[in-house]
Amino acid sequence: MRRRTKGFLPFGYKLMLSYAAFIILPSLLVAYTANTIFVSSIREQTRSNISGTLQQIRDNITYKLHDSVRLSDMLYFDSTFIYHLRNSGEGWASYEATTKQIVPKMLTALEMPSSKLWLSVYVHNTALPEIYHTYEYQDPMAAKNRMFDLYQIRRIAGSSWYLNYPLEKYGVTMQWKQIEDDGQYGRISLLRRIVDNSYPGTLQEVGFIRISAQLSDLLESIDYQKIGERTALFLTDEEGRVLTSTGTADIRPGQLWRSDTGGTSLVIQADLPEPQWRLIALVPPDITERDTQRLRNWTLLICAICFIVFSFAGAFISKYFSRRVSKIVSALEAFHEGNFEKRIHFKGNDEFTQISSALNEMGQNTGELIRKVYETNLRKKEADLASLQAQIHPHFLYNTLSSISRLAKFGKLDRVEQMVRDLAKFYRLALNEGRTLIPVRDEVEQAKAYLNIQKTKYGERMTVYYDIDPRILGYTTIKLILRPFLENVLKYAWLGDSIRMRVTGELADGKVIFKVIDDGIGIDPETVRQIQDPAGNTVGYGIRNVDERIRLYYGQEYGVSIYSRPGIGTAVRIVLPAVRNEEQTDPPAARLRSS
């Protein structure tokens, strides 16, 4: 046997030292870096989760505040209402304007909000009578009778909040504030002028609106348990004073919030756009550090184990094994790059053979798992679409049946028969045997059935024109894309006592384009922006649903766009790809027009 010379170091040990220098030490560095990144990620995820919860609470509060804003909009932009407030004469003219115009419009506005509100209108026209209830030093919102009052402006003319009210910017100026006895009864009021803009370049105040709501109703969603135990959640007003608080922190309503109030706790805030309130959460530091410490301990333990295993395993590595390891590494790199079709094979029946078999099986299983996850996500999205498509509001059915009952009571059997046929057609086309994709013909017929029902309800106050190119009837569409926009027009777009709308459909550049156009109240640019914002709040929820469904099925180049000018009207444009329905026959060449 050949004797080893002095100082000889076997190749395996040299390989081990090289392995230790170039693999183990960098691996420890990577582990340290990864641990740092994961710790930061956990902290950021905690902050993100709490911020998401705050956003949901904020959206809930904002939605309830918007109830009052929408109520005020109905009166603020109603030119008929403003006309009668300003121009009603003495005697019988004043009585008739009050009973037949002013009071019915106030009652109609109060029917819209989902929560209980108290409406007070103060007018400059001294010819109009006051209509109010004597509350006998009780909270008006506790009364079970009507929730509105009509006063002369002299009752508030000397109030500081009225005298200091901001200058008017048409359609924008409004103010949330606790005035008079609001603080005593736990209320807050939306204050807004009623102005006449019928004369170009002038805004003349003809009245004032006060809409009061209970703070407990507006802020009922504020609950620290939604964030976690030992946390605190509270809301401050524009001056930084606490309106309400929940949780373990010693913070009470009326206390002034400062930046150092939270101490060492993690402070997460969410601002309400209007009014300028702020939602603040305090999270104790040990909650965020608990998971990071556990991760740090596991990282150290795993690094220690790996170092020991690598050290002992490296002593037995040889050139023969290194070549096989290289093949294994190449397979792993392929897996890392997403190529799970890579396979390795070794002759013999040793550990490398088992490793190669396991890697091959892992690659196959991982590839199948990725495909299954992808298919599961697709099925989930399809289920979400099916759920969205099934949202046919029950109140529509209730209102329709109520209308049928009234028609039958008055003996209008021909209109009852027509309304029942339209209702049957509406639901038959809406359900459509559970299918998501339907012919355009069915979608148009379903929209017409819906509008026919509403036409029976509103009569001559509602006018609808159709302009549908018959060439599009043989193509397919996602069902229930027109009805939400028709419903929005009838729910929000009324300008006065009548509404006109136009429903069009055309084929252009390989696309099917629908338009729903009305001459109603219109939408201000900020609301349009919120509706079209993918991360938007409760504003325009149904419109975004339609847009997301179209983009999910057909791609980002299709969807919904909105064009509107306040006081003039709104146009909604829905774009779909022209995909022919094989089950449909070609429509006639003549262009269909009906009204």
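Author: A helix here is a DSSP run of H or I covering at least four residues, and helices are numbered from the N terminus. In this predicted model, helix H7 spans residues 285–314 and contains Val309.

Reader: How many helices and strands does the protein chain have?

Author: The protein chain has 15 helices and 17 strands. It consists of 595 residues, and 42% of them count as buried.

Reader: Is Val309 buried or exposed, or in between?

Author: Buried means under 20% relative accessible area and exposed means over 50%, with partly exposed in between. Val309 has a relative accessible area of 48%, so it is partly exposed. Leu28, in helix H1 (residues 11–76), is also partly exposed because its relative accessibility is 32%.

Reader: Which residues make the nonpolar surface patch?

Author: Val309 makes this patch together with Trp298, Leu301, Ile302 and Ile305, and the patch covers about 500 Å². As for the protein chain as a whole, its accessible surface comes to about 33600 Å², and carbon and sulfur atoms account for 55% of that.

Reader: How far apart are Leu28 and Cys303 in sequence and in space?

Author: Sequence distance and spatial distance are read separately. Leu28 and Cys303 are separated by 275 residues in sequence, while their C-alpha atoms are 6.6 Å apart. For the chain, take the contacts between residues at least 6 apart in sequence: 66% of these join residues at least 24 apart.

Reader: In what order do the five strands of the open sheet stand?

Author: The order across the sheet is E2-E1-E5-E4-E3, with mixed pairing. Strand E2 (148–152) and strand E3 (175–177) are the edge strands, each pairing on one side only. On average, neighbouring strands of this sheet are turned by 20° against each other, direction ignored.

Reader: In which sense do strands E4 and E5 pair, and over how many bridges?

Author: Two strands count as paired when DSSP finds at least two bridges between them. Strand E4 (residues 187–196) and strand E5 (residues 204–214) have ten bridges, in the antiparallel sense.

Technical notes: Residues numbered from 1 in each chain as written. Predicted model: local features only at pLDDT ≥ 70, side-chain atom pairs only at ≥ 80, totals over all residues. Heavy atoms only, no water. Helix = DSSP H or I, 4+ residues; strand = E, 2+ residues; numbered from the N terminus. Buried < 20%, exposed > 50% of the residue type's maximum accessible area, 1.4 Å probe, protein only. Contact = heavy atoms within 4.5 Å. Areas by Shrake-Rupley, 256 points an atom, 1.4 Å probe, with all protein chains shown as cover. Axes fitted to C-alpha atoms, helices over the stretch in contact; angles between N-to-C directions. Patch = residues over 30% accessible without salt bridge, like charges linked within 9 Å, V, L, I, M, F, W, Y side chains within 5 Å. Salt bridge = Lys/Arg side-chain N within 4 Å of Asp/Glu carboxyl O.
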